[in-house]
Amino acid sequence: MEYVKYYWKYIDKQTPVLIFAELDKDRYSMREVDVYSDRHMERLGEDEEYVSDEPYPSNKEIDEMGEFKIFSISKQEFEEVWRHSYFLRRYDGKLSYEWET
């Protein structure tokens, strides 16, 4: 498994600003936690085999899109966010990436 978090340039209140994802060996998302600008979190992947219909592109390809900034994270960091999203449903960490202009 691979674990990532990525910031998404703010679009609107219906779009997550931060996403944590657990990717299988083919880069399909198995579980995700979406964090929104109001800090509420939504969990995906509890009842589905895969969250994503298609595999994630490479981290480099995601970064090159310009609207995302992706980072590899540890399994432990992902699991902490996953558990936190179930019990508290509110994210207390950093919500945005400092985008270069």
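Biologist: How many bridges join β3 to strand β4?

Modeller: Four bridges join β3 to β4, which covers residues 41-44. The model is predicted: local features need pLDDT of at least 70, side-chain atom pairs count only at pLDDT 80 or more, and totals for chains, interfaces and linings use all residues. Residues are numbered from 1 along each chain as its sequence is written, and side-chain values use heavy atoms, with hydrogens and water left out.

Biologist: What makes β3 and β4 a pair?

Modeller: Two strands pair if DSSP finds at least two bridges between them. Here there are four, so β3 and β4 pair. They run antiparallel. Val35 stands opposite Met41 in β4.

Biologist: How do you know that β2 and β3 pair?

Modeller: Strand β2 (residues 18-23) and β3 share six bridges, in the antiparallel sense. Leu18 stands opposite Val35 in β3. Glu22 has Arg31 in β3 as its bridge partner. Strands are DSSP runs of E, at least two residues long, and helices are runs of H or I, at least four, all numbered from the N terminus.

Biologist: Why is β3 called largely enclosed?

Modeller: Buried means under 20% relative accessible area, exposed means over 50%, and partly exposed lies in between (1.4 Å probe, protein chains only). In β3 (residues 29-35), six of the seven residues are buried, so the rest of the structure largely encloses the strand.

Biologist: Why are β4 and β5 said to stand at the edges?

Modeller: The open sheet has five strands, in the order β4-β3-β2-β1-β5, with antiparallel pairing. β4 and β5 (68-73) each have a single partner strand, so one side of each is left without a neighbour in the sheet. From one strand to the next, the twist averages 15°.

Biologist: Why is Arg27 called buried?

Modeller: Its relative accessibility is 15%, so Arg27 counts as buried. Arg27 lies in the loop between β2 and β3. That hairpin has five residues between the strands. The phi of Arg27 is near 70°, a positive value in a residue other than glycine.

Biologist: What makes Arg39 partly exposed?

Modeller: Arg39 has 23% relative accessibility, so it counts as partly exposed. Arg39 is found in the loop between β3 and β4. That hairpin also has five residues between its strands. Arg39 has a positive phi of about 80°, although it is not a glycine.

Biologist: How do you know that Asn59 is buried?

Modeller: Its relative accessible area is 19%, so Asn59 is buried. Asn59 lies in helix α1 (residues 59-64).

Biologist: Which residues is Asn59 in contact with, leaving aside neighbours within four places in sequence?

Modeller: They are Glu2, Val4, Arg27, Ile70 and Ser72. Contact means heavy atoms within 4.5 Å.

Biologist: Why is Leu88 called exposed?

Modeller: Leu88 has 54% relative accessibility, so it counts as exposed. Its place is in the segment after α2 (75-87).

Biologist: Which residues form a nonpolar patch on the surface?

Modeller: Tyr86, Phe87 and Leu88 form it, with about 380 Å² of accessible area together. Patch residues have over 30% relative accessible area and no salt bridge; nonpolar side chains (Val, Leu, Ile, Met, Phe, Trp, Tyr) are joined within 5 Å, like charges within 9 Å. A salt bridge is a side-chain nitrogen of Lys or Arg within 4 Å of a carboxyl oxygen of Asp or Glu.

Definitions and conventions:
Areas by Shrake-Rupley, 256 points an atom, 1.4 Å probe, with all protein chains shown as cover. Axes fitted to C-alpha atoms, helices over the stretch in contact; angles between N-to-C directions.
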